[in-house]
Each structure stands twice: as structure tokens, then as C-alpha cells.
Amino acid sequence: MTGPWVEKYRPQTLEDIVGQKQIITRLEKYVGEKSMPNLMFTGPAGVGKTTTALALVKSILGEYWRQNFLELNASDARGIDTVRDRIKNFCRLKPVGAPFRIIFLDEVDNMTKDAQHALRREMEMYTKTASFILSCNYSSKIIDPIQSRCAIFRFAPIKGEEIAQRLRYICESEGFEADDKGLETIVYFAEGDMRKAVNVLQAAASEGEAITEESVYEVVSKAKPQDIGNMINKALTGDFLGARTILRETMVLQGTSGEDMVSQIYSEVSKRVSEGKMEADFYIDLIEAIADCDFRIREGANPRIQLEALLTKFI
Amino acid sequence: MLWTDKYRPQTLDEVVGNNKEKEIIQNWVRNWKNGNPQQPLLLVGPPGIGKTTLALVIAKEFSESIELNASDKRSQDIIKSTIGESSSSKSLFGDEYKLIIMDEVDGIHGTNDRGGVKAIGEIIKNSKHPMILIANDFYSKRITSIKTKCTVIKMAKVRSPSIRKALKEIAQKEEIKANPKALDLIAKKSNGDMRSAINTLQALSDTDEVLEPADVENLRTKDDRSDIFNAITGVLKSKNPQHVREALRVDEDPTLVMEYIAENIPREYANKNEIKKAYENIAKADLYFGRAQRSRNYGYWKYASDFMGIGVSSSKKQTYKKFTKIQTPTIFTLMGRNRGKRNLRDGIAEKMSVKMHISHAIAISMFPYLEIMFKNDELAWEISDFLELEDTEIKRFRKKVIPKKVIKKMEAKKAQMRVEERDRRFEELQNQMMNAPEEIAIEEEPAEEPLPFEIPGLDDEKEITEEEPQQIKEKEPEEEPQKVKEKEVEEKPEKEKAKKKTDKQVSLFSF
């Protein structure tokens, strides 16, 4: 009765967290000492950064954790001023029933350098009353002054066996049948991302039958943006304008992210070359362009413009 | 004082050029004064040829005038408070007309909101007062519907002899020594733009020395900036780097200019390799815009500008001898048309982000899985219930409504689970009371706290004291976000109001 399994089966305590054993051991020391430095959690999506932060907060702040905890999404549309205002208002008050207050800021790497500098000042101002936990995908995108004020914890992708074990546990709790092949397939697609694994599992389970290799494949292919193949076909036949329209619609309407588009395009062309539908030479040229596009998007370019340029490579 | 203001013509006769047009305007004024209402005037033409001046001259003929700048956000309020009522109410005395002047109605501010055109259209329809609208670009999509409701007066560039004459007069009045050839050069360079010519003259003649042609040669006036369409044409049609650079000197957001160039590359260039090369240059320009934005090092802009300008222009083997209508980037219309869908998407993402501790981007990336899960009636209900989705939001994930039977069943199940949970908690509490009475205080204390986060609808079924502890246990991870959310709900109506207000403000002039 609790909706999405990713939330229902989010580990609530540090010891329940899957993988990241060394990090957890370290964090448990902070809990014992009832004090912690500013922390930075870096690592790819779905490896437990937020879960760890929430679990740590609960055990270190005790029963009044809710009153002493502020969770903010740094990357969402709201401006840095809103973020700063909320931090300020939160930090001005003294901790109630807990040793200090904690602010959790998610996706800090998507903040501009200016915003990060502003944040750095906030971090300095309230060192006595509050600790920060910052989370990001790439610590390289965080300015040095912030990095130097934090203990940095690098979260690795979760190991396949550990994901499989967790999935098995969920299946048991929910009373679902899952064969090993099916779970293996989920683990393969998840690429160390627990959130993705659990989402695929629940989507497959929602069809009401046992989880098998086929049912997982079905979910994975259904969950893909549908028009990618169509778009590539148009570009390959020289209809650049048509292909560009599909690209724009997919990104604007479905809100597919640039990184997702890149990986879908990659798997689409890589499928074509392994089915013998594309020349190897041409394929390698495309791969270079795709890789470049991927890199540039991560460097902060506009994903749509980069993908449009990528599409011209197909014509 | 700016000479352009100091020497602004005060009568219709003083306005240089466009004699036929002036005649039409004179008739228009006369008719109004005879109590004979006329269609609004729409003055169209390039910058600096005297459109605003003309409007101001006409304004003197009426008892009162209001001048509104379309790019000015406050204008909307002014329209509402002043014109909104007074424009439709006619005074008893025929000559007490207010002249309404609306400048820059094709102003490229904001995005593509059609509300703006509509608003102006309505004012035109209801106005009992004389109106003059001013625009630069006759072909602007923003004024297509307005054009039909107005008497359009197309004004031409001022001929350079006329400009030279005006410059000479000003030079005399200001007691400036100038080589006639220098004035001639300014007049020619101004490309029919009187304002820019006068500004140039003022900028150059601050010294006691004689103004020579060489001084003019060296000066690159700001006012020779072209508009965005000329810029794009320059990039796409020219192969001359000098020319391209100059064309790109537009007073626009450079990333907007980049979008325009990108939009029109495949419309102008026909050869595949040219499109590839040109788009690669756009991609590089974009990369440097991104780097500039991220690092706040705007020095990168110059590279971006060269990539999208010279880079794109030199990607073609030769210039095409064809006419291509420069198009507005379709991405803007696409976003405008689908604003509703995107708002719906973002609304759901916001709910998810609060309940599930995830960013909007991650929430949206989960949509495809939710679509699959929502095929299952019961799961669809469960997730909707968990996220508190509205019916319209549920529709985002499944076309069919959730069958009433399923809803009833699930609601009963939920109630049942709550009863069981309560009983279990009650038993636990009883056990604790018997085993460790001193702990009760600790157990009960948080019961004070969660009250504000109580899920509505629960309290009418059960007593609060028993409900509370269970709530904490069950919903622990979500309590805080829920609190945040409730706060937001409270603020929302106001926020929305405020938002609507700004939307409107922008929309009025940003069609």
C-alpha cells in the first residue's frame, strides 16, 4: 500500500544499506560520536547517496530528526536565492532536541559556480549550528573551496550480486516469483543503479506474471523512448528536418533527458551494426560523434543542440 | 542632452521624407478631430526613420496622450488602469480624445505567447480613442493579426541626402566644423537611419577639431547593429568573414541568435556535408556558451560567436542564389504549444520529488516505468494514492480511468490495513506500558508533533491519540516532505496568482 517500491523498500537504517560497506562503517562512527563534519557524497545515480543521507540523519539526530533536517534539491528550477533563503531561515533557529541541524542538498553539481560560491558562504556562516550533506554525480564539478570543506565519500555502482539479493528480498516480501535469469537480466540493464533495478522489477511485476528474462526484456524495451529508431531512419534517408522534429518533440514533450537520448541512440546504432544493417566504418564514425556529444553534454552544453548536430552525422 | 532629442522635429513638416505617408496621417488626424473615428494606425519601418517622432508630433494634436513601450512589463498595468476603462468610454466632448501610442509591438521579448496579440487586438476592438502602433518588422508573425485591424503605413528609410542635410543643419547650430565629406560619409554609413546618424555626429564631434572623413572611417557606431533577421541572412548568405561579423552585431541574446541560425541552416543549405559542417560549428558554439555559463567566464563568448558566425558561413561551398524565408525556431512554438503538457509533467515531478526524495529530472526519467505500472488497475490506484495524484495527472499515465470497483476495493483494503495497524500498535503500547512505564512519555511525545502532517480524512475515522504513533512509524521517511508540501499548498494560491500575473504581463507584448 505504499506505492512505488523504490520508496517502500528504501533502507531506513545504515546497516540495511546495500553495498558501500566502508562508507557505512565510517558514518557509523559519526553516529557514535554524535558529531559529523560536512559531508559530500559523490557517485552515479541510484547507488544510495540519498538513502544513506536519510538513514544517517535519522540515527544521528535521533527521534527529532524531522525538526532538525532540511532537504533541498539544488538543481531544480528554483533559484539559488530561494535555496539560500531556506537555508538561512532554517539555520537561524537552534537545534531542538538534537546536537545540531542537518541540511541535505541534492545534485549540487548542477549549480553554477556562482551559486556554489554563495553556498560556500552559507556553509561557513552556520558551522556551529548546522552540518551539510551535499550530494553530486561528479565531484569534479564542485568548486575546490567546497570540496575542501567536506569529507568526500565516493559511492561506487552497486555490485550485481548485491542488487540481485535485494531484488530477491523484495520478491519474497511481495510474494512474487522470479527466476534467476529474469533477475540477472534486470541486473544487467541496471548497470549498478538500484533505483533502475527496482523500477524495472516493479514494472515487470505489475504485469501480474512471474518475472522472467522475457518479461524483463519487454519492460525494458517498452520503457525506451519509442521514436528513436524512427528518428534515426529519417536521418539516415537524408530527411534531416523530419528527424530533427522527432528529436525536439521527444525531448520537449516526453522530457527525455539528453543523457538518455544519447544512450538510446547508442544502443539503437549498436544494435544495427550487430545485426549487419550498418557498415562498420560508418558505425565507428558515428560512435566518435556520439561519444563527443555525450562528453559535451556533460561539460554543460545544451543537450538538444548537441543532439541536433549529432543527427546531421547520420545524413 | 542627446541631439536626437534636442533636434527632434516638432511639427509634421519638419519630419524628413515619407511625404505621402505624412499626408495620410494628416487626414487621419483631421478625421478624428471632426469626430469621425478611424482605424488605428500601424507605422512600420526600420529603426531611426522617425516613426516615434511622427507619433509624438501627432500627439500634440490631441488633448492628451499615453505612450506605452511594448517591451516594458509595467505597461500592462498601465493599459489596464488607463486604457482598459477609459479606452472604451468616450467622453461627451468630441475633441477630448486621448492618443494611445504603442511602441515596439513586434518587440522580441519573452517567448511566444499569443495572449499578447489577443490583448492588443481587444484594445483595438474596444478603443474609442485614436491609437498609433509602431513596429519594425512588417513580416513579423507577432503582428499578422494586428495588421488586418489597422491602417498600415509603411515608412521607408530616409535617403542619405536628406540625412546629410539634417546633419549639416545640426552641425551649424552646434557650431561644429565639419568637412562636408565627413557628413556625407556618416549619412551613407547610417544606412537610412537618421537617429544613428545624429548619434554618430554627436559622438564624433566632442572635440574642437574639424571633423574629417578619416574620423568617421575609424568609428564603428553601435547603431549600425542589424536586427536578428538580417544577422541570420548575413551568416547564411555571405562568405565574407568581415561581413558576417558585422551582421552578427545584433542586440540580442547570442544563444537566441544561435537558435535562429541552427533553425535555418537546413532550410538554406542543401548539401549534406554543408549541413554537417555548419551544425558542427553550431554545436561548438553551444559548447562554449555552456562553458561560459558554467564558469561565468564570458570571454568564451567570442569563440562561440565565431563558430556560429564565420564557422557556419564558411561551411558552404558557395552562396545559394535563392530566397529563403528566415524562420523562427520551431522549438519555441513547440514549447509554447505544449506548455500545458509540460506543466502537467512538472507538477507530477514535483509531487514525486517531495515524496520520494528525488530531483525532477530523475522523477521524469521514471515516467516510462510508471506508464507500465499504471496498466495494472490496483497498482495505478496505489501509486496515485501515494503520490496524491489528481485525475488529470493519472491520465498522463493511463488513458482509462481507474474502475470504480477497483477504487472501492482498494480504499476498503487501505482502511482495513489501517485498522490492523492501529490494533497492532495499541497492543504494542499496552505491552510497553506493562513492561516499562517510564518509556511512555518518550513514546507519546512525538504524538504532539505529527499533528500538522495528518493525512486529511483520517481523523474523522479514528481518535487522534491512537492514530498518531502509528502515523510516525508508518510514514516516517515522508513526514518532513509532507510538511513541506503542505506549506507549499498554502502558499500555492498566492504563488499561482503571482505567477499568472507575471505570465500575463509578459504575454501581452511577447507574442
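1. In this predicted model, 54 residues of chain A are in contact with 52 residues of chain B; two residues are in contact if their C-beta atoms, placed from the backbone, lie within 7 Å. On the side of chain A that touches chain B, the residues divide into 18 nonpolar, 18 polar and 18 charged. Here Ala, Val, Leu, Ile, Met, Phe, Trp, Tyr, Cys and Pro count as nonpolar, Asp, Glu, Lys and Arg as charged, and the others, Gly among them, as polar.

2. Elements of chain A that give two or more residues to this side include α1 (5-8), β2 (69-73), α9 and α10. The most comes from α12(A), with six residues. Helices (H or I, at least four residues) and strands (E, at least two) are DSSP runs, numbered from the N terminus.

3. Helix α9 (residues 194-205) and helix α10 (residues 213-222) of chain A have axes that come within 9 Å and cross at roughly 110 degrees. The two helices are therefore roughly perpendicular to each other (under 35 degrees counts as roughly parallel, over 145 as roughly antiparallel, 65 to 115 as roughly perpendicular, the rest as oblique). Axes are lines fitted to C-alpha atoms, for helices over the stretch in contact, and angles run from 0 to 180 degrees between N-to-C directions.

4. In that contact, α9(A) supplies A:Val200, A:Ala203 and A:Ala204, and α10(A) supplies A:Ser215, A:Val216, A:Val219 and A:Val220. Six of these residues are nonpolar, one is polar and none is charged.

5. The largest nonpolar core has 87 residues, and A:Val57, A:Ile186, A:Ala197, A:Val200 and A:Leu201 have the most contacts inside it. Such a core is a set of buried Ala, Val, Leu, Ile, Met, Phe, Trp, Tyr and Cys residues joined through C-beta atoms within 7 Å; buried requires 20 or more other C-beta atoms within 10 Å of the residue's own, exposed 12 or fewer, and partly exposed is in between. The largest share of this core, eight residues, comes from α9(A).

6. Confidence needs a comment. The model scores ipTM 0.87 and pTM 0.60. Chain B has a mean pLDDT of 77, with 74% of its residues at 70 or more; pLDDT is the predictor's confidence in each residue, from 0 to 100. Residues 108-114 of chain B are below 50, yet this stretch has 19 contacts in the model beyond near neighbours in sequence. Where pLDDT is low, the predicted coordinates should not be read in detail.

7. Conventions: residues are numbered from 1 along each chain as its sequence is written, and chains are lettered from A and ligands numbered from 1 in the order in which they are written. Local features need pLDDT of at least 70 and side-chain atom pairs count only at pLDDT 80 or more, while totals for chains, interfaces and linings use all residues.
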